[in-house]
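User: I would like to learn how to read aromatic contacts and a helix in a model such as this one. Could we take them one after the other?

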Amino acid sequence: MFPNSSNLGRPPFPPKYQQQSPFFTKLPLNMPPTLLSHQQIVLPPFHLCSPVLSRALLSGSVETSPAVTPAVTLQPVTYGSVSPVSTPDALMSFQGRKRQSQQSVRDDAKRQRIHSQDSDTAVVNQAVPLPKGHRRSFTASVSVQSPVLHASGSPALIGCVPPLQDTLFPDPTETRLPVAKDELSKQVLELFQACRQQAIDLDRKELCRTELQREIQLIFPQSRLFLVGSSLNGFGTRTSDGDLCLVIKEEPVNQKTEARCILSLVQKLFSTKLSSYIERPQLIRAKVPIVKFRDKVSNVDFDLNVNNVIGIRNTFLLRSYAFIENRVRPLVLVIKKWASFHDINDASRGTLSSYSLVLMVLHYLQTLPEPILPSLQKNYPECFDPTMQLNFVHQAPCTIPPYVSKNGSSLGDLLIGFFKYYATEFDWSHQMISVREAKAIARPDGIEWRNKFICVEEPFDGTNTARAVREKQKFDMIRGELAQAWRLLQEKKDLNCILPLKAVKQKR
């Protein structure tokens, strides 16, 4: 797919980068080893934004020979009685420039992938099949699995948070959905099943991540590229964009200077060497700067940031919440679709980000008289230690068991309750939404919270995820939509009265 996709994997972090976490000393002795993966690979230390390298890249004279990095032979890993991880026959890369035509896929195959019950599972690094004339094989190195997309652990260790690839460790909770008896609950569930992200969608994003990491590591050999956000946290849809986090070093990066320097080099790489595969790379100089681009092969839009590691940690916190209770994902997806339809789901335009919306739903479910969700950070502090080394972040949620709630409310009742809570009960002027504390708490007396219309606490760094809502007009619009949705749903008990289901399902 990309010019250097034949490069073999590189060695893992040297010992000085390793950190010990008390969480892993408590795990059973039979826990299998972590797979060596593209998201773990690094080379010896490299000085960031080297003037020589910057000038060489910007002039287009950077050498991209595979000899830049040493090759290693990767051995298959065996998990007890399970066969070694190896899928060489299935691993294909894109040769052509165009997306596979939907007409080339049989109708029954389309129905199968749309309604597949294991739609959040994926065989990582496996390309979406193309016609035989447009295929070529990856080298053997591609059989290395990504730790984020393959949770290390034995069947006994896998709890309610399933690995995204369940071919080795099938998890029954992945296929378990809540029972819907009333009409509103059925509508919520049907919309969720029609719009949730499928394995094929995740495959496309993971393939792009893998190939981009190989290219970026020729410039920053020590780096790793992580897929984060809704693509992995369980709340993605068929149309969700991809979010990528480029980790250059296990230390903070100055977002105004160093990150912009790094992203400028990445943008240059995308617009020159990778221009056949990447289109419209654009550097956005925000508080956390990003490079926005589109992958021509998958037709997926991506946002790439540098060292915003909070995004990696909260991806797996949210994934844990998504899978410990089977009513969470359908409820979140419907509310995200509702907010998008009513134009209040766009932080770049002064409304709510999808991340803030998810936290609002989780907070509501935590604050019910009979809670549906706990505070995972309180109950499992060792799993969500903010100092945990990034290589291990993806493993911790797999040890969390399902949460058994005595609250038997239907999806329809919970949806109406969500709108009622924020329309009539939550005190926007004095309270802060806190998933970490599992309750509404008084706003701190700090600049981050003073004179803000909406305060949603980021669970790890304590910042305000809703800081984009700066105008009273936008805040009033958000509150007005919440109140209107509550009134309509309470009266009609029909999801169509706040969201045109037919149009949303077609758009996905």
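Analyst: Rings of Phe, Tyr and Trp (its six-membered ring) pair if their centres lie within 6.5 Å, with planes under 30 degrees apart counting as stacked, over 60 as edge-to-face and the rest as tilted. By that rule, a search of the whole structure finds 14 aromatic pairs. One of them joins Phe-293 and Phe-302, which are stacked at 5.3 Å centre to centre with 10° between the planes. This is a predicted model, in which local features need pLDDT of at least 70 and side-chain atom pairs count only at pLDDT 80 or more, whereas totals for chains, interfaces and linings use all residues. Residues are numbered from 1 along each chain as its sequence is written, and side-chain values use heavy atoms, leaving out hydrogens and water.

User: Why is the pair of Tyr-422 and Trp-428 tilted?

Analyst: Their ring centres are 5.6 Å apart and their planes stand at 40°, so the pair counts as tilted. Both Tyr-422 and Trp-428 are buried, meaning under 20% relative accessible area, with exposed over 50% and partly exposed in between (1.4 Å probe, protein chains only). Tyr-422 and Trp-428 also belong to one aromatic cluster, whose members include Trp-338 and Phe-475.

User: How many of the 14 residues of α9 are buried?

Analyst: Helices (H or I, at least four residues) are DSSP runs numbered from the N terminus. In α9, twelve of the 14 residues are buried, so the helix is largely enclosed by the rest of the structure; among them are Arg-329, Lys-336 and Trp-338. Just after α9, Asp-343 takes a positive phi of about 60°.

Technical notes
Helices (H or I, at least four residues) and strands (E, at least two) are DSSP runs, numbered from the N terminus.
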